[in-house]
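Dear colleague,

Please find below the structure that I am handing over to you. My notes on it come after the display.

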Amino acid sequence: MKRETSAYERVMFHYSNKGPMYFAFKLNIRGSLTREQVSEALIKTADEYPLATVRVEKLADKRQFITTDDVPEFTLTVKANFTGEWSDEVVTSLQEPFDNEKGPMARFKLLQSGDENSLIAVFHHAVCDGVGALIFLEEFMKFLSNPAKSIVIPDDDSWAPMLHKVIHPDNLKTIEGFGLPEFATDKGYTQIEVKEQEPVNFPCLPFALQSVSLSKEETSRVVLRAKESGVTVHAYAGALILQCFAEEFGPQKGYTRTIQSPINFRPQLVEGAEKMFGLFNGLVTAECDCSLQRSTAEIAHQIKESFQSTISSLKPLSGYYNFMEYYLDGVEDPELLYENREERGTPMNYDFSFSNLGRVSLEQKYGDFILEEIYGPVFSAAKGERVIGAVTFQGRLFMTLIYDSACFDHEIGVRIWQNVIKKIKNL
């Protein structure tokens with residue numbers, strides 16, 4: 001299978017050669033599990049989601065493709081009698097670069113201690129988002145518990161769907177009604193000054209990773225407070241965390257703080273998109289008044305209203321659609337453009353990014369195996385990013401905080417995280 005890369009994928013692949021653009025999940029599985037069982041389940045899951053098993057191929061005419069041809073199987077590293085910290089293993093798994101020209105676009109690590117198994121799955125962000133990764137992992141658990149399960153192999157038209165090609169017709173009509181973006185007709189940005197670039201080694205970033213798992217009772221209190229406040233759990237938890245950042249930085253830098261969150265575009269796409277494995281997300285931010293006299297509920301309402309109005313406007317989806325449709329029109333060498341353009345990437349103008357995937361649909365029991373915990377998505381935070389990942393599984397909320405400790409003071413990070421946990425447990 002083979003197709004040309006989209007502008008979205010292409011920019012992700014380009015910058016991932018310069019630093020990590022990956023994310024991880026950690027699943028705790030109880031049961032007698034072997035390497036062979038995991039490998040077999042991964043191979044079958046890869047057959048259903050071949051987009052995870054691609055490599056990048058660039059032709060002499062600068063066109064770029066992803067292909068499943070001549071790609072090795074997933075790497076599975078097994079550590080028996082494991083006694084260390086799983087968080088350290090996640091960090092090392094995120095630090096290692098992917099070979100985009102070799103593939104595949106996911107790798108796995110199994111930490112074993114008796115019947116306790118921690119499976120770490122790392123995905124390249126150029127091929128999928130957090131929702132897509134959970135779709136992959138859910139299918140993996142089904143194959144793990146039932147090796148005889150039928151494999152549904154996609155065809156050439158459905159194996160690697162692209163965001164701008166699967167927008168719901170009604171939403172596409174609205175987006176087209178906004179008119180063309182300036183860069184569709186004004187190609188001045190393509191007139192770049194090509195600068196000599198010094199080769200840069202792939203950095204090994206000193207990530208700091210912290211986590212917390214809440215009991216069902218503690219999680220239910222978060223849900224109850226959100227319901228009482230008339231907001232989503234995402235908005236309420238986001239407001240509570242934002243207050244912790246405001247308490248830390250407000251006295252010196254002001255109490256107007258900003259939260260960023262990924263958007264899952266699948267609800268705005270064609271029917272069936274909710275089960276698509278791929279890259280279908282974007283980013284939104286909300287600036288909030290986090291003055292000390294304001295309640296969590298007030299801040300949560302501000303977050304909810306800002307996010308809802310932005311997302312429902314279709315403007316974020318429109319931005320990604322236009323980028324993918326028009327940005328590289330007439331560009332002979334996209335990588336040369338990306339390398340020499342003045343503006344690079346998303347600005348770090350927010351306190352933290354909150355990637356909350358909500359209630360996940362995975363089961364607790366899979367045949368002889370018990371799925372006990374899920375942590376993620378844990379992103380390879382770079383350039384000062386602070387990323388909080390959250391999932392609610394079997395009535396329990398699991399959260400992580402990751403940052404580059406060379407860019408964000410670790411002592412402050414620990415203090416903020418302890419404050420977050422304290423606020424949640426004191427609800």
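The paragraphs that follow set out what was found, beginning with the basis of the values.

This is a predicted model, in which local features need pLDDT of at least 70, side-chain atom pairs count only at pLDDT 80 or more, and totals for chains, interfaces and linings use all residues. Residues are numbered from 1 along each chain as its sequence is written, and side-chain values use heavy atoms, with hydrogens and water left out.

Aromatic pairs

Rings of Phe, Tyr and Trp (its six-membered ring) are paired if their centres lie within 6.5 Å; planes under 30 degrees apart count as stacked, over 60 as edge-to-face and the rest as tilted. By this rule there are 26 aromatic pairs. One of them joins Phe23 and Phe123, and this pair is stacked because the ring centres are 5.8 Å apart and the planes meet at 25°. Phe23 belongs to strand 2 (residues 22–30) and Phe123 to strand 7 (residues 116–124), so the pair ties together parts that are 100 residues apart in sequence. Helices (H or I, at least four residues) and strands (E, at least two) are DSSP runs, numbered from the N terminus. Phe23 counts as buried, at 0% relative accessibility, and Phe123 is likewise buried at 0%; the term buried means under 20% relative accessible area, exposed means over 50%, and partly exposed lies in between (1.4 Å probe, protein chains only).

A second stacked pair is formed by Tyr189 and Tyr327, with 4.7 Å from centre to centre and 15° between the planes. Tyr189 is in the loop between helix 6 (182–185) and strand 8 (207–213), while Tyr327 is in the loop between helix 10 and helix 11 (334–340), 138 residues apart. Tyr189 is partly exposed, with a relative accessible area of 22%, whereas Tyr327 is buried at 10%.

Ring pairs also link a cluster made up of Phe23, Phe25, Tyr49, Phe74, Phe108, Phe123, Phe136, Phe277 and Phe379.

Charges over rings

A charge is taken to sit over a ring if NZ of Lys or CZ of Arg is within 6 Å of the ring centre and within 35 degrees of the ring normal. Lys26 lies over the face of Trp86, 4.7 Å from the ring centre. Lys315 lies over the face of Phe178, at 3.8 Å from the ring centre.

Helix 10

Helix 10 (residues 315–326) has twelve residues, and its first and last C-alpha atoms are 16 Å apart, close to the expected 16 Å; the expected span is 1.5 Å times one less than the number of residues. Nine of the twelve residues of helix 10 are buried, among them Pro316, Leu317, Tyr320 and Met324.

Cavities and pockets

The search used a 1 Å grid over the protein atoms alone: a cavity is a set of points where a 1.4 Å probe fits but cannot get out, a pocket is an open set with protein on both sides within 12 Å along at least five of seven lines, and lining residues have an atom within 4 Å of a point. Grid points are joined across faces, edges and corners, and a volume is the space filled by probe spheres set on the points. Two cavities of 30 Å³ or more are found in the whole structure. The largest cavity holds about 60 Å³, and its lining includes Ser6, Tyr8, Glu9 and Met324.

The second largest pocket holds about 1,100 Å³. It is lined by 41 residues, of which His234, Asn264, Asn356, Leu357 and Gly358 are the closest to its centre. Strand 11 (352–359) is among the elements that each supply at least two residues of this lining, and strand 11 gives the largest share, six residues.

Backbone details

A cis peptide bond joins Gly103 and Pro104, with omega about -5°; Pro104 is in the loop between helix 3 (86–95) and strand 6 (106–113). Another cis bond runs from Gly376 to Pro377, with omega near -10°, and Pro377 is in strand 13.

Asp70, a residue other than glycine, has a positive phi near 60° and is exposed, with a relative accessible area of 71%. Gln394 also has a positive phi, about 50°, and is partly exposed at 32%.

Yours sincerely
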